[in-house]
Amino acid sequence: MRYLLMIAGDETAEAHQDDGCGGWGEDLARRGKILDGGGLRPPSEATTIRVRDGEVLLTDGPFTEAKEQIGGYVVLDCDDLDEALEIAARHPAATYGSIEVRPLLVPGEPA
């Protein structure tokens with residue numbers, strides 16, 4: 001099953017943006033667990049789009065004002081949720097931010 005890890009942190013997380021993951025990703029890549037992933041540019045560079053009554057509305061910045069913003073993501077291929085949670089708990093960002101783990105809907109796979 002595929003899982004999305006959304007890696008988030010507050011304004012102090014920016015100090016960790018160049019830390020790397022201490023071998024976390026390399027180990028998982030060798031094991032075939034990582035399908036995709038990467039970091040995101042800062043929320044100040046985001047543009048949010050909404051369409052209401054046929055009108056396109058653009059807003060500079062993230063969708064919501066929040067103390068934590070998503071700074072990166074990883075797509076995992078795991079046997080089950082327990083494995084995905086164990087892997088997420090070992091990510092260095094879990095020590096200074098948060099990681100949301102969410103199952104992906106994959107066409108052709110049962111929901």
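Biologist: What makes the pairing of Glu-83 and Lys-33 a salt bridge?
Modeller: The side chains meet with nitrogen and oxygen 3.0 Å apart. The cut-off is a Lys or Arg side-chain nitrogen within 4 Å of an Asp or Glu carboxyl oxygen, so the pair qualifies. Bear in mind that this is a predicted model.

Biologist: Where do Glu-83 and Lys-33 sit in the chain?
Modeller: Glu-83 is in helix H2, and Lys-33 is in the loop between H1 and S2. They are 50 residues apart, and the pair links distant parts of the chain.

Biologist: Why is Glu-83 called buried?
Modeller: Its relative accessible area is 15%. Buried means under 20%, so Glu-83 is buried. Lys-33 is buried too.

Biologist: How do you know that Arg-31 forms a salt bridge with Glu-83?
Modeller: The closest N and O atoms are 4.0 Å apart. The limit is within 4 Å, so the pair is counted as a salt bridge.

Biologist: Is Arg-31 buried, partly exposed or exposed, and why?
Modeller: Arg-31 has a relative accessible area of 39%. Under 20% would be buried and over 50% exposed, so Arg-31 is partly exposed.

Biologist: What about Arg-90 and Glu-86: what makes them a salt bridge?
Modeller: Their closest N and O atoms are 2.5 Å apart. The limit is 4 Å, so they qualify. Arg-90 is at 38% relative accessibility and counts as partly exposed. Glu-86, at 36%, also counts as partly exposed.

Biologist: Which residues form the negative surface patch?
Modeller: Asp-77, Asp-79, Asp-80, Asp-82 and Glu-109. Asp-82 lies in helix H2, residues 81-89.

Biologist: Why is Asp-82 called exposed?
Modeller: Its relative accessible area is 58%. Exposed means over 50%, so Asp-82 is exposed. A patch residue needs over 30%, so Asp-82 clears that cut-off as well.

Biologist: Which residues make the nonpolar surface patch?
Modeller: Ile-49, Val-51, Val-56 and Leu-58 make a nonpolar patch of about 400 Å². S3 and S4 each supply at least two of its residues. Val-51 is one from strand S3.

Biologist: Is Asp-53 buried or exposed, and why?
Modeller: Its relative accessible area is 85%. That is over 50%, so Asp-53 is exposed.

Biologist: Now the whole chain. In what order do its elements run?
Modeller: From the N terminus on, β-α-β-β-β-β-α-β. That comprises two helices and six strands.

Biologist: What share of the residues is buried?
Modeller: Buried residues make up 25% of the 111 residues. The chain exposes about 7,700 Å², and carbon and sulfur atoms supply 52% of that area.

Biologist: How many of the contacts between residues at least 6 apart in sequence join residues at least 24 apart?
Modeller: 74% of them do.

Definitions and conventions:
Residues numbered from 1 in each chain as written. Predicted model: local features only at pLDDT ≥ 70, side-chain atom pairs only at ≥ 80, totals over all residues. Heavy atoms only, no water. Patch = residues over 30% accessible without salt bridge, like charges linked within 9 Å, V, L, I, M, F, W, Y side chains within 5 Å. Areas by Shrake-Rupley, 256 points an atom, 1.4 Å probe, with all protein chains shown as cover. Lys, Arg positive; Asp, Glu negative; His and termini not counted. Charge placed at Lys NZ, Arg CZ, Asp CG, Glu CD. Helix = DSSP H or I, 4+ residues; strand = E, 2+ residues; numbered from the N terminus. Buried < 20%, exposed > 50% of the residue type's maximum accessible area, 1.4 Å probe, protein only. Contact = heavy atoms within 4.5 Å.
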